[in-house]
Amino acid sequence: MSGGSAPLPYSMRDVGAGGAYNNAKFRHRSRLKMFVQSLATNSNKYRCGKFTVGKFLSLLMVSGLLYLFLHKSPEGFVPGEVHGKDVHNNNVRRAPNIRTFWRKPPRLPPRLPPNEINKNNSLLQQSPSEWTSRQKKVKEAFEHAWSGYRNYAMGYDELMPLSHRGTDGLGGLGATIVDSLDTAIIMGADDVVSEASKWIEENLMKRISEKGQVNLFETTIRVLGGLLSAYHLSGGDHAGSGDSGIPASYKKANPERLLEVSKDLADRLLLAFTSSPTAIPLSDVILRDRTAHAAPDGLSSTSEASTLQLEFSYLSRVSGDPRYDTEAMKVLEHMRTLPKVEGLVPIYINPTSGQFSGENIRLGSRGDSYYEYLLKVWIQQAENRGTSLKYLFEMYTEAMKGVKHLLVRKTVPNELVFVGELPFGRNGEFSPKMDHLVCFLPGTLALGATKGITKKKALESNLLTDEDIENLQLAEDLAKTCVEMYFVTSTGLAPEIAYFHIEGNPEGGPGGGNKSNKYVNDIIIKPLDRHNLLRPETVESLFVLHRITEDPKYREWGWQIFEAFEKYTKVDSGGYSSLDDVTSIPPHRRDKMETFFLGETLKYLYLLFDESNTLPLDKYVFNTEAHPLPVMRSVEQASHSV
């Protein structure tokens, strides 16, 4: 797709000085009447005796109409060179019949300000049944991805779709199976639910006891998060489980077994916390030995250490064991005490000293979900929002102010809003680099502004502060940029990393390959950054923004992205592949299907086209791997919300 928005239907010369369209210019008038009036007006200028030019032209027009009637074929008017011949070629252009000449021009849509045109056109174009049809296409894509995994890689962490085999890069716990289970439940993909839950019940506990090293963060967000979400959606947590909006007829997994496996895994992962000399957990765990150790360089990613709380806190709630929540929350309580740069933090932290390491500040890899969980943990534990966890929302608010002050810039020449980096801290040079991972931020900003309810409802209830409105606008601006990272490329798929052209910026390089895109000179894609890993962050934000703003353009953008995935990454034998270069056609494929394509990307696309009462954002919070967990309220809060 060449761009993120359709061109305006009328040229700017039709816009009055006040910025509004002049409706008088678009009144419906008969073309014949206009022509005759024009002849009558001009004929007075060119008279040759009594026989005027106007009379001559009128006679000529009548003669032409008589000629067309006399040469009419049964199928309408056809060119003279094909008269008397059988025409079998359906591509032959046929001359219009007489009704074409008399047909009135189409009714023009209501005159709208330019910024409203896309939204209303989308509303007119797509009916509810169309979105249901598109949602079905996403479900079919999920089942196709699963079929490739099931046929060639069942039990492995991930599918290699081109070589038809599996690979273990996440500890060998069958990560794709667990990551996919709640997606299958949400979609009503009953066969996948049966196959995935059967494998988990029969194999996962044994795998956990036998396998070696796993990363604490990846295992928590993908495996533990996936198990707990499926546990809830299968009815294990009866309190509030009816809020999901998922039909009761959909097949579920065995919640008791899911909880049993979750506790066994979490007990082993807890060693990363209890083995550390500080509140910051060690990065890796040896599952079979029940031991933990730091990464080779001794450091942990800030995002990894601070993106564990949703899962462990929920497990404490449903298991009745407070240890999980206590250990995980110590991390955020400790980070509260550390020095920050306007709420922003470096991307590394030392579990031995408990202090940040280096000055590199960014919202991309190793930094991203720290900011996400400040907000989401506060939202999840609704009963403590105004008391013991109030500091989390304050940290989030301060950080977003820092983002706007230090990291947000606009491109030249077209003023795309983006979030850059400070590789050497506040006093170092600004880098106009933005990972695709940063595209989680529009959704987080929107969620932070309205707390999950619609913008309309929040405004009607006078719940939005000026800062909330500013953050919501920034969310929409950044979502536009994230989408243009897709549309600026030849394939319509985003690169892993983009650079942006800013005033006085020495960065240069090739664009995305789509020369017709408006922003081809604003976005720079370097050769080493052109790959696409089927990431979910942009469609995640489109889903959240559509739920909150109810603007259908986010659905339209999501559909264009889905179509590009279908066109360039689908493997006929099953599964989807990553790409090496999104700027070339055909793109070279990479032999890997990440677990998050099923666990996140397709889930968010499916929910983007779903009704708003499915997993409503004021009752559910999605972990950073898109596993929905319920907002935990006190009994009094729960009864009040009902």
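Predicted model: local features only at pLDDT ≥ 70, side-chain atom pairs only at ≥ 80, totals over all residues.

User: Which helix holds Asp368, and which residues does Asp368 touch beyond four places in sequence?

Analyst: Asp368 is in helix α14, residues 368-380. Leaving aside residues up to four places away, Asp368 touches Ser303, Leu363, Leu437 and Phe440.

User: Where does UniProt place the feature "active site"?

Analyst: The unreviewed UniProt entry puts it at Glu218, Asp368, Glu496 and Glu537. Such annotations may be inferred rather than shown by experiment.

User: Is Glu218 buried or partly exposed?

Analyst: Glu218 has 22% relative accessibility, so Glu218 counts as partly exposed. Glu218 sits in helix α8, residues 216-233. Its contacts, not counting residues up to four places away, are Leu170 and Val223.

User: What is the phi of Arg366, and where does Arg366 lie?

Analyst: Look for positive phi in residues other than glycine. Arg366 has phi near 75 degrees. Arg366 lies in the loop between β12 (356-357) and α14. Arg366 is partly exposed, at 36%. Leu534 also has a positive phi, about 70 degrees. Leu534 is in the loop between β17 (523-524) and α19 (537-549), and is buried at 0%.

User: Which peptide bonds are cis?

Analyst: Check omega. The bond from Val412 to Pro413 is cis, with omega near 10 degrees. Pro413 lies in the loop between β13 (408-410) and β14 (417-419). Ile585 and Pro586 are also joined by a cis bond, with omega about -5 degrees. Pro586 lies in the loop between β18 (578-579) and β19 (589-590).

Notes: Residues numbered from 1 in each chain as written. Heavy atoms only, no water. Helix = DSSP H or I, 4+ residues; strand = E, 2+ residues; numbered from the N terminus. Buried < 20%, exposed > 50% of the residue type's maximum accessible area, 1.4 Å probe, protein only. Contact = heavy atoms within 4.5 Å.
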